Amino acid sequence: MNGETKIPKMMTVRQVAKTGLISEYTLRQLVKQGKVPCIALEHKVLINFDAFVEQLHQLKGVF
């Protein structure tokens with residue numbers, strides 16, 4: 001890189017679920033288990049979408 005920091009794309013649980021990658025219920029369960037790269041802001045959870053997609057790609061090789 002040329003010294004610039006890439007800002008990750010942050011999305012709510014509902015926004016990620018609307019992409020069709022995973023159901024909202026399953027995603028909320030994974031967040032509770034600490035298996036999703038996210039931050040909690042009071043009553044809202046923001047998921048690092050880029051890191052989450054990378055996790056899914058890594059899991060694809062496992063199955």
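**Exercise 1. Architecture**

How many helices and strands does the protein chain have?

Solution. The model is predicted, so local features need pLDDT of at least 70 and side-chain atom pairs count only at pLDDT 80 or more, while totals for chains, interfaces and linings use all residues. Residues are numbered from 1 along each chain as its sequence is written, and side-chain values use heavy atoms, with hydrogens and water left out.

Step 1. The protein chain has three helices and three strands. Helices (H or I, at least four residues) and strands (E, at least two) are DSSP runs, numbered from the N terminus.

Step 2. Read from the N terminus, the order of elements is β-α-α-β-β-α.

Step 3. Along the principal axes, the C-alpha atoms fill a box of roughly 40 × 35 × 20 Å.

**Exercise 2. The strands**

Find which strands pair with β3, and in which sense.

Solution. Two strands pair if DSSP finds at least two bridges between them.

Step 1. Strand β1 (residues 10–12) pairs with β3 (residues 44–48) in the antiparallel sense over three bridges. Within this pairing, T12 stands opposite L46.

Step 2. Strand β2 (residues 38–41) also runs antiparallel to β3, joined by four bridges. C38 has I47 as its bridge partner.

Step 3. A hairpin is formed by β2 and β3 with two residues between them, and E42 in the turn has a positive phi of about 50°.

**Exercise 3. T12**

Is T12 buried or exposed?

Solution. Buried means under 20% relative accessible area, exposed over 50%, and partly exposed in between (1.4 Å probe, protein chains only).

Step 1. The relative accessible area of T12 is 19%, so T12 is buried.

Step 2. Leaving out residues up to four places away in sequence, T12 touches K44, V45 and L46; contact means heavy atoms within 4.5 Å.

**Exercise 4. The core**

Which residues make up the largest nonpolar core?

Solution. A nonpolar core is a set of buried Ala, Val, Leu, Ile, Met, Phe, Trp, Tyr and Cys residues joined through side-chain atoms within 4.5 Å.

Step 1. The largest core has 10 residues: M11, V13, V16, I22, L27, V31, V36, I47, F49 and F52.

Step 2. Elements giving two or more residues to this core are α1 (13–18), α2 (24–32) and α3 (49–60).

Step 3. Apart from neighbours within four places in sequence, F52 is in contact with V16, I22, L27, V36, P37 and I47.

**Exercise 5. Salt bridges**

List the salt bridges, and place each partner.

Solution. A salt bridge is a side-chain nitrogen of Lys or Arg within 4 Å of a carboxyl oxygen of Asp or Glu.

Step 1. The structure holds three salt bridges.

Step 2. K6 and D50 meet at 3.9 Å, N to O. K6 is in the segment before β1 and D50 in helix α3, 44 residues apart. K6 counts as exposed at 59% relative accessibility, whereas D50 is partly exposed at 34%.

Step 3. E24 pairs with R14, the closest N and O atoms being 3.4 Å apart. Because E24 lies in helix α2 and R14 in helix α1, the pair ties together parts that are 10 residues apart in sequence.

Step 4. E24 also pairs with R28, with the closest N and O atoms 2.8 Å apart. These two are four residues apart in helix α2, so about one helical turn separates them.
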